[in-house]
Amino acid sequence: MSVTILTVDDSRTMRDMLRMALVDAGFRVVQAEDGLHGLDVLRQETPQVVITDINMPRMDGFGFIEAVRQDQKYRALPILVLTTESDDDKKMRARRAGATGWIVKPFDPAKLIAAIRRVAA
């Protein structure tokens, strides 16, 4: 059974780059364009890992992570933040919201895959 990854990012280019890297590594990928859309997709799918951006319209990554963590069913779901932000305050805020890890864009596909394998194990 392949591992399903939910990517949540408002940038089509970033979603395409993630899809290519993840599909090439053998993952199944489902995608969402912002936090609200991400919550909808999460209800329809059962991803083993979520990768989310922080800066998005409608619902940002912080709100998305908090909303996911409020559901008991997703308490243990690994959530990786993939963002251009490298600010320590934002990293702490993401951790407090329930993020599992933090990866700065532009991402190295090999490092991203390694991080996913670590948290999905």
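Select D108 and A110 to begin: D108 caps the N-terminal end of α5, with a side-chain oxygen 2.9 Å from the backbone nitrogen of A110. This is a predicted model, in which local features need pLDDT of at least 70 and side-chain atom pairs count only at pLDDT 80 or more, while totals for chains, interfaces and linings use all residues. Residues are numbered from 1 along each chain as its sequence is written, and side-chain values use heavy atoms, with hydrogens and water left out.

Next, select residues 109–120, which form helix α5 (helices are DSSP runs of H or I with at least four residues, strands runs of E with at least two, numbered from the N terminus). Within α5, show L112, I113, A115 and I116, which are buried (under 20% relative accessible area, whereas exposed means over 50%, with a 1.4 Å probe and protein chains only). These residues lie on the same side of α5 because they cover an arc of only 160 degrees around the axis, taken from the directions from the helix axis to the C-beta atoms. Turn to the other side of α5, where A110, K111 and R118 are exposed.

Move to the loop between β5 and α5, where P106 is found; a cis peptide bond joins K105 and P106, with omega about -5 degrees.

Finally, select R58 in the loop between β3 and α3 (61–69): R58 is not a glycine, yet has a positive phi of about 65 degrees, and R58 is exposed, with a relative accessible area of 61%.

Technical notes:
Expected span 1.5 Å × (residues − 1). Polar contact = N/O pair within 3.5 Å; in protein donor to acceptor, adjacent residues only side chain to side chain.
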